Amino acid sequence: MQGRVVLGIESSCDETGAGLVRDGRLLGHAVASSMAEHARYGGVVPEIAARAHVHSFNPVVQQALDRAGLTMRDIGAVAVTTGPGLSGALQVGLAGAKGIAYALDVPLYGVHHLAGHVAADTLEHGPLPEPCMVLIVSGGHTSLLLVRDLVRDPILHLGDTLDDAAGECFDKVARVFGLPYPGGPAIDRAARDGNRKAVAFPRPLTGTRDERHRFAFSFSGLKTAAARWSEQHRAEGRDIPVADGAASLQEAVADVLTRKAVDACREHDVSTLVVVGGVAANSRVRELAELRCRSAGITLRVPPLGLCTDNGAMIAAVGDLLVRSGAEPAPLDLSIDPSAPLTYAALTPAARTPASAAA
């Protein structure tokens, strides 16, 4: 007997995503991005993102259904990102998801955005081994997690970013180098023609003896070092060798990420590393992770490029796991939590009343 078709809705930032998953299999998904509208500002503008979600929501859901060969009546449950993310953007996705769930009289599940990134890998490679090590690396988050049962057990944070995330570092340095937004893909493209050993950029927190920061990340100092390097060239009237700078920066980021991830696998006797998030699409991060995992006898799992960045399929994947685990649906007063920590995959904050807000 086949399980329910789960519709997943993602609207935490500048992508409006809808995906359909049943029994761990991706049936179809669609994404609309407002990236071009933000590019001239050098970053995401929350009001523009929220407005774009309003315009894109219905067409994206319909496109996902069309690609899956399904209709609204085939949907058996709805999962939606309720945090973290931009408040206005999250509200649009939640309102749309509530409307669909109410109209179809199907259960609704609130999902943590980062758990969605973890679950994205299951759509390509099947169930996650228990336990596995997960490196989440994106524009706003860089974390090393020890994951057992993704939807039943608490998620253990071994280390998180103390300041700038890896993707944020790419975005900010790309701007200094005169490269377009988003910075990650621009840095990756420029690095193809550069020498990754040209500039000795620092590897933050790789030599720390402080156990609290052994698996933590910090990319603010690396960002500053790249900016100073660039400024020095300008001050001396020289052209910035952007390709070499991009390749060296990318190498420093990839080195820190993969070194700490492999060390964490060894420390916790875990044989599988899963790398997810937008920066998992970076060519050098993928290449160096593969080399180091192979050398250490660790199985590496990375989702396909289309599932690394934000999408509705990953949220549907979590919803599908929640449905199959027998998890309780979200209450009717499901709200958003724009700064929610990742503790469990299900995220079902309640709407605050004026009295509770005042307290």
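The expected span of a helix is taken as 1.5 Å times one less than its number of residues, and helices (H or I, at least four residues) and strands (E, at least two) are DSSP runs numbered from the N terminus. The model is predicted, so that local features need pLDDT of at least 70 and side-chain atom pairs count only at pLDDT 80 or more, while totals for chains, interfaces and linings use all residues. Residues are numbered from 1 along each chain as its sequence is written, and side-chain values use heavy atoms, with hydrogens and water left out.

**View 1. Helix α6 and what covers its buried residues.** Buried (under 20% relative accessible area, 1.4 Å probe, protein chains only) are Ala166, Gly167, Cys169, Phe170, Val173, Ala174 and Phe177. Seen down the axis, these fall within an arc of 150° and so line one face of the helix, the arc being that of the directions from the helix axis to the C-beta atoms. Their cover, by contact (heavy atoms within 4.5 Å), includes β6, β7, α7, α8 and α9.

**View 2. The open sheet of five strands.** The order is β3-β2-β1-β4-β5 with mixed pairing, where two strands pair if DSSP finds at least two bridges between them. Because β3 (25–33) and β5 (108–112) stand at the edges with a single partner strand each, one side of each is left without a neighbour in the sheet.

**View 3. Strands β4 and β5.** Strand β4 (75–83) pairs with β5 in the parallel sense over five bridges, and threonine 81 has valine 111 of β5 as its bridge partner.

Terms used:
Buried means under 20% relative accessible area, exposed over 50%, partly exposed in between (1.4 Å probe, protein chains only).
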